[in-house]
Amino acid sequence: QVQLVESGGGLVQAGGSLRLSCAASGRTFSSYAMGWFRQAPGKEREFVVGIGLSGSTNYASVVKGRFTISRDNAKNTVDLRMNGLKPEDTAVYYCAAVYSRSYYSTAPDHPSRYDYWGQGTQVTVSS
């Protein structure tokens with residue numbers, strides 16, 4: 001069982017930056033692929049970025065070059081640094097985890113592939 005708690009959301013002006021953090025419980029964090037998803041009102045939950053066991057990353061095209069994901073297995077955390085924020089980035093951001101046996105695989109990019117979810121943190125970007 002893994003419990004995930006996100007933090008770091010808030011209100012920011014367009015062009016600004018935010019850092020989200022996800023803290024995970026459990027002793028085998030390094031065996032979980034991690035992902036960040038987001039969901040805007042009236043829209044489906046969408047993939048933002050993922051990080052695999054080896055640290056390999058995959059980004060949604062709409063955030064590539066602006067967002068950066070990182071993980072710290074010693075601290076059981078995964079961070080999402082968001083720069084150049086746009087109003088269309090406004091959403092509730094969720095951290096997700098899935099157990100992985102493949103060290104070199106990238107993290108899945110569909111929400112149905114993940115087993116554990118945080119409660120979400122609101123990110124609002126004003127124009």
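1. Let me start at a turn. The hairpin of strand 4 and strand 5 has 6 residues between the strands, and glycine 42 there takes a positive phi near 80 degrees. Strands here are DSSP runs of E with at least two residues, helices are runs of H or I with at least four residues, and both are numbered from the N terminus. Two strands count as paired if DSSP finds at least two bridges between them.

2. A word on the source: this is a predicted model, in which local features need pLDDT of at least 70 and side-chain atom pairs count only at pLDDT 80 or more, while totals for chains, interfaces and linings use all residues. Residues are numbered from 1 along each chain as its sequence is written, and side-chain values use heavy atoms, with hydrogens and water left out.

3. On the overall fold, the chain has 0 helices and 11 strands. The radius of gyration of the chain is 14 Å, close to the 14 Å that the globule rule gives for 127 residues, so the chain is as compact as a globular protein of that length. That radius is taken over C-alpha atoms, and the rule is 2.2 Å times the number of residues to the power 0.38. Along its principal axes, the C-alpha trace spans about 40 × 25 × 25 Å.

4. Buried means under 20% relative accessible area, exposed means over 50%, and partly exposed lies in between (1.4 Å probe, protein chains only). Among contacts between residues at least 6 apart in sequence, 62% join residues at least 24 apart; a contact means heavy atoms within 4.5 Å.

5. Back to the strands of point 1. Strand 4 (residues 32–39) pairs with strand 5 in the antiparallel sense over 5 bridges, and tryptophan 36 has valine 49 of strand 5 as its bridge partner. Valine 49 is also the bridge partner of tyrosine 59 in strand 6. Strand 6 (residues 57–59) runs antiparallel to strand 5, joined by 3 bridges. In the hairpin of strand 5 and strand 6, with 5 residues between the strands, glycine 55 takes a positive phi near 95 degrees. Of the 6 residues of strand 5 (residues 46–51), 5 are buried, so this strand is largely enclosed by the rest of the structure.

6. Strand 8 (residues 77–82) has 5 of its 6 residues buried, so strand 8 is largely enclosed by the rest of the structure. Strand 3 (residues 18–24) runs antiparallel to strand 8 with 6 bridges, and strand 7 (residues 67–72) also pairs with strand 8 in the antiparallel sense over 6 bridges. Isoleucine 69 stands opposite leucine 80 of strand 8. In the hairpin of strand 7 and strand 8, with 4 residues between the strands, asparagine 76 takes a positive phi near 60 degrees.

7. Which residue of strand 8 is the bridge partner of alanine 23? That partner is threonine 77. Threonine 77 is buried, with a relative accessible area of 17%. Leaving aside residues up to four places away in sequence, threonine 77 touches Ser21, Cys22, Ala23, Phe29, Ser70, Arg71 and Asp72.

8. Finally, strand 1 (residues 4–7) has a covered face, Leu4 and Glu6, and an uncovered one, Val5 and Ser7. In a regular strand, side chains alternate between the two faces of the sheet. Strand 1 pairs with strand 3 in the antiparallel sense over 4 bridges, and serine 7 stands opposite serine 21 in strand 3.
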